[in-house]
Amino acid sequence: MGTTDDSGVAAQPGQTGGRRRLEVSDVTVVRPEVLRRTLAGTIVGNLMEWYDIGVYGYLAVIIGRMFLPGGSTTAQNLFSLGVFAVTFIARPLGGVVLGQFGDRMGRQKVLAFTLLMMASATFLIGILPDYAKIGFWAPILLIVLKLLQGFSTGGEYAGATTFLTEFAPDRRRGFLASLLDVGSYLGFASGAAVVSILQLTLSPSFMEGWGWRIPFMLALPFGVVALYFRSRIEETPAFQEAQKLQESEAATGPRSVRSLIGAFWREILVAITLVAAANTAGYALTSYMPTYLTSTLGYDETHGNLLTLPVLVVMSLCIPLAGALSDRIGRRTVLRIASVGGVVLAIPAFLLMMHGVIWSTLLGLFVLSVPVALYVSNLASCLPALFPTSSRYGGMGISYNVAAALFSGTAPFIMEALVAITGEPLAPAFWVILTSIAGFVAIFFLPESARRPLPAAMPAVSTPAEAQALVDGQDDDPDLDVDELFRRFDEERDVTTSGSASGSR
């Protein structure tokens with residue numbers, strides 16, 4: 001990639017006779033104003049997406065009563081959490097379809113579409129008549145709208161991580177990419193805040209009659225604001241260069257889904273396992289916890305939401321610190337600490353919550369947030385680094401969303417079902433432990449990506465001076481293998497222009 005003009009699109013890597021050498025023109029210098037717009041557009045948009053998801057989790061108990069009024073409390077909770085899980089069934093389809101579009105048409109266009117679709121579906125949930133008005137059509141239409149949400153979300157996280165990592169300088173990618181998950185968890189926190197404010201200011205009867213709809217309806221104006229920020233971001237230099245290559249050399253474009261899976265099945269399995277471990281703990285802390293605190297531990301609905309709010313805010317502030325730490329000590333090291341933390345801290349965290357007083361419940365939530373922060377701060381930087389440019393959005397779309405469908409969306413349902421079946425409030429901890437063990441194993445197959453260029457891409461830096469220093473010290477830089485860099489770049493060029501490369505890694 002390289003930045004030889006104001007567009008930020010790179011020149012082709014050069015060769016100075018004999019062994020190929022990295023030149024200043026090969027290095028991408030990320031302009032600060034472009035990076036700021038990219039951060040604003042991706043983070044604000046992602047915050048909006050996860051506000052929509054979070055609101056449903058914090059209103060799950062009320063929604064169960066509104067859309068399944070004849071069921072028991074357990075049946076209502078399982079129905080509501082089951083509908084939440086339905087959202088994730090559509091995510092792999094959204095990831096595949098939108099990932100293909102993102103690799104062909106551009107990341108920015110698809111990200112604008114996902115945001116608009118998500119906000120519209122959330123708003124429609126807010127005006128959807130409940131069971132008392134239209135009978136069985138109410139839960140059916142609720143499921144349809146959640147499927148639409150899932151389809152759009154399938155392209156959101158994969159696209160946002162791809163977009164941000166392709167813009168981020170190599171040595172700051174962990175920190176900058178982790179800011180995306182700050183948006184995610186602040187979105188959850190915003191959902192908790194809006195719901196809690198309404199519960200504190202509105203009567204329970206009004207809240208169940210009409211007040212629960214307000215957070216969903218707010219998604220439309222919030223979405224318009226987020227769409228403004230997202231519309232101002234540019235395409236990444238990596239994608240622009242891939243497009244130039246296709247236009248100039250009659251390229252066939254990105255791989256088909258079948259070819260992508262065949263070429264990168266190992267990377268996809270690693271990504272699925274890591275996402276399963278991270279999101280099981282993450283969704284236990286966010287979407288499941290209001291139901292768990294209310295139905296299992298006996299807190300009222302207001303406290304069930306309020307107790308998670310300070311934890312999410314503090315954890316969100318710590319995520320960039322963990323991302324910056326991975327830039328220094330490596331993604332694999334931080335992820336190992338996270339997986340061990342998930343195994344060791346899950347039972348103490350739930351035991352503290354089960355103690356039944358506010359201080360111990362808060363402490364338990366904070367303990368559970370430690371592995372979550374360490375996990376999620378790394379996913380946005382290490383997972384896109386598993387795939388080359390032409391297959392990055394598609395690879396992320398498949399791997400992240402298959403994991404989301406199988407493990408993330410089902411986590412609240414599985415945990416509530418384990419409590420219902422066993423009668424043991426500690427049961428959810430064992431599901432967190434099991435997935436964290438799987439995550440620990442997957443890390444052994446994860447290549448280290450900290451401070452290194454993305455696969456099949458030239459290095460990216462923050463300033464021209466850094467570019468010059470990188471070129472001058474290319475023979476002594478432990479994070480830069482020039483021969484491997486050019487080999488991977490040439491492989492990607494062959495895939496992009498012919499579509500016939502084997503995809504060997």
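Reader: Which residues line the second largest cavity?
Author: First, a caution: this is a predicted model. The second largest cavity is lined by W50, Y157, D181, S184, Y185, F188, N279, Y283, T286, V376, L379 and Y400.

Reader: What volume does the second largest cavity have?
Author: About 100 Å³. The structure holds six cavities of 30 Å³ or more.

Reader: Which helices supply at least two residues each to that lining?
Author: Helix 8 (173–201), helix 13 and helix 17 (358–382) do. Helix 8 gives the largest share, with four residues.

Reader: And how does the lining of that cavity divide into nonpolar, polar and charged?
Author: Eight of the residues are nonpolar, three are polar and one is charged.

Reader: Now pockets. How much space lies in the largest one?
Author: About 530 Å³. Its lining has 24 residues, and E448, R452, P453, E484 and R488 lie nearest the centre of the pocket.

Reader: What classes do the lining residues of the largest pocket fall into?
Author: There are 13 nonpolar residues, ten charged ones and one polar one.

Reader: Different topic. How many residues are in the largest nonpolar core?
Author: The largest nonpolar core has 128 residues, and L59, F67 and L383 have the most contacts inside it. Helix 13 contributes the largest share of this core, 19 residues.

Reader: Why would nonpolar side chains end up together?
Author: In soluble globular proteins, nonpolar side chains tend to be buried together.

Reader: Back to F67, what does it touch?
Author: Leaving out residues up to four places away in sequence, F67 touches F79, L128, P129, D130, Y131, A138, P139, L142 and W212.

Reader: Which residues does the second, separate core include?
Author: That core has 13 residues, among them V29, M458, A467 and F489.

Reader: One more residue. Is S449 buried or exposed?
Author: S449 counts as buried because its relative accessible area is 10%, and the cut-off for buried is under 20%.

Reader: Where is S449, and what is it in contact with?
Author: S449 sits in the loop between helix 20 (427–443) and strand 2. Apart from neighbours within four places in sequence, S449 is in contact with R331, S381, C382 and A385.

Reader: Last, the whole protein. How many helices and strands are there?
Author: The protein has 22 helices and two strands. Of its 505 residues, 60% count as buried.

Reader: What share of the contacts join residues at least 24 apart?
Author: 84%, taken among contacts between residues at least 6 apart in sequence.

Technical notes: Residues numbered from 1 in each chain as written. Predicted model: local features only at pLDDT ≥ 70, side-chain atom pairs only at ≥ 80, totals over all residues. Heavy atoms only, no water. 1 Å grid on protein atoms, 1.4 Å probe; cavity = no way out; pocket = protein on both sides within 12 Å on 5 of 7 lines; lining within 4 Å. Points joined across faces, edges and corners; volume = space filled by probe spheres on them. Nonpolar A, V, L, I, M, F, W, Y, C, P; charged D, E, K, R; others polar. Core = buried A, V, L, I, M, F, W, Y, C linked by side-chain atoms within 4.5 Å. Buried < 20%, exposed > 50% of the residue type's maximum accessible area, 1.4 Å probe, protein only. Contact = heavy atoms within 4.5 Å.
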